Amino acid sequence: PLEVLNARIYGKDAVWVDTTHNTTTYMLKTGPLSVVDWGGHTAPAGLYQVQQEEIDACRDMQAGLDLDYPDATCGTDGGSAWSELVRQLHLRHMEDTFHNKQNANKHASKMQDNILKRQFLEMKDKALYNVMSPAELIQIFHDMRQIAKDNQAVLNWIDRIEEGEEIRAAR
């Protein structure tokens, strides 16, 4: 089928997957996989269903579809299984900014000071969407930590995003 050819040809570079929850009447998680073809267009590379978004099931499905090329980039929503799955398959991990933004907004909503919250949210958008020098990025993470103070959920989010420069971004 076309999907298998797409996976074998284009999956060596990058693959995107997100297991969507409650998409069937049987409460299965559906994992549509896609790659980018020679023309820069999204191309289907397979589809699987699992009971839970857990490491072994998703890894086995991805490997079964020939999408386990070492050093390829795997783009995900950052769900709990993906970090370990990409580590086991020796892939690079790239999380989408939409889910990272939503997580930051959720954690920042608990900040009491509205002025500091607004400043944090502006810096968060800058860190996620703007191209910056390494020095600028270091400074913005420092400033975000100063605003977050004792909000451990926000501090954890900052740590996770800051690691992205090294482990989650495609090389």
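**Labels and what backs them**

Reply: Let's start with charge: the chain has 18 positive and 26 negative charges, and their mean positions lie 4 Å apart. Bear in mind that this is a predicted model.

Me: What makes a residue count as positive or negative here?

Reply: Lys and Arg go in as positive, Asp and Glu as negative, while His and the chain ends are left out. So the 18 and the 26 are counts of those side chains.

Me: Why are strands β2 and β3 called a pair?

Reply: Pairing takes at least two bridges found by DSSP. Strand β2 (residues 29-36) and strand β3 (residues 42-50) are joined by eight, so they pair, and they run antiparallel. Within that pairing, Gly 31 sits opposite Tyr 48 of β3.

Me: How many helices and strands does the chain have, and in what order do they come?

Reply: There are seven helices and five strands. Reading from the N terminus, you get α-β-β-β-α-β-α-β-α-α-α-α.

Me: What makes a residue "buried", and how much of the chain is buried?

Reply: The cut-off is under 20% relative accessible area. Of the 171 residues in the chain, 40% are buried. As for the accessible surface, it totals about 10,000 Å², with 53% belonging to carbon and sulfur atoms.

Terms used. Residues numbered from 1 in each chain as written. Predicted model: local features only at pLDDT ≥ 70, side-chain atom pairs only at ≥ 80, totals over all residues. Heavy atoms only, no water. Helix = DSSP H or I, 4+ residues; strand = E, 2+ residues; numbered from the N terminus. Buried < 20%, exposed > 50% of the residue type's maximum accessible area, 1.4 Å probe, protein only. Areas by Shrake-Rupley, 256 points an atom, 1.4 Å probe, with all protein chains shown as cover. Charge placed at Lys NZ, Arg CZ, Asp CG, Glu CD.
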